[in-house]
Amino acid sequence: MREGEAEHTYSQPWALMTAAVWARYPNPFATHVLTEDVLERWIDQDGCLHSKRLLSKTNRKPKWMEIWLPDTTVWIIEESTVDPAKQEMRTLTHNVSLNYFMLIEEDATFRAQDASTTTFESKVHVSSQLPIARMVESFGLSRYQRNALKAVKGVNWALANRELYQAHSSPLIAARLHTSVSGAVALPLPLRQWLASVPIGQDLLQWVDAVWCQLQHQWEDITRTL
């Protein structure tokens, strides 16, 4: 098993950073990310938002790897928790396919350092069950470190395009947030009223609205191409 770490400091407030994390795909620095789908999402009694997503990714492989790995598409589970009270977002990711070849487990956290700065820290474990495990694990860790640099660029890209998910920037967009693409209410009115009444609810509600705004924009882009 090989282990690695990555860290970065963003000169952006935590609420904006978490919205940017959800909005980072697709971006020019993550063309290896093919799809992303939300499997589960709920808010617990403490006001924390929990999400479970399924992503598919691919990467170019070296020649020596082709005999062991004919297909490079990998499916990944990402489980995240957003705690507005602590101003902390934690994600746990691991691949659920090709893990006999290489299993990559990442534990990452976005945490508010102060009112205008957010720190990112991650730890990764890379393991393989193949006879050439040491070679595979070294390759996997090196690839992870390169992709970590691209991930920073991807988040910065999302920040630079933050009009996509800043709900408060347009009254028209804000009015659309309460309706999903199928016409269903995104958040029931009683739930919105309750969130607005609790101490951390307003921050959480603003964050959910920001994410929903970005999804709405993506849907509008799709419908315009039909």
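**View 1. Arg41 and the ring of Trp22.** In this predicted model, the charged end of Arg41 sits over the ring of Trp22 at 4.8 Å from the ring centre (a charge counts as over a ring if NZ of Lys or CZ of Arg is within 6 Å of the ring centre and within 35 degrees of the ring normal). Residues are numbered from 1 along each chain as its sequence is written, and side-chain values use heavy atoms, with hydrogens and water left out. Local features need pLDDT of at least 70 and side-chain atom pairs pLDDT 80 or more, whereas totals for chains, interfaces and linings use all residues.

**View 2. The aromatic cluster of Tyr10, Phe110 and Phe120.** Rings of Phe, Tyr and Trp (its six-membered ring) pair if their centres lie within 6.5 Å, with planes under 30 degrees apart counted as stacked, over 60 as edge-to-face and the rest as tilted; by this rule there are two aromatic pairs. The ring centres of Tyr10 and Phe110 are 6.3 Å apart and their planes stand at 35°, so this pair is tilted. Phe110 and Phe120 also form a tilted pair, with 4.8 Å centre to centre and 40° between the planes. Both Phe110 and Phe120 are buried, as is Tyr10 (buried means under 20% relative accessible area, exposed over 50% and partly exposed in between, with a 1.4 Å probe and protein chains only).

**View 3. Surroundings of Asn27.** Asn27 is buried, with a relative accessible area of 8%. Although Asn27 and Gly154 are 127 residues apart in sequence, their C-alpha atoms are 6.0 Å apart in space.
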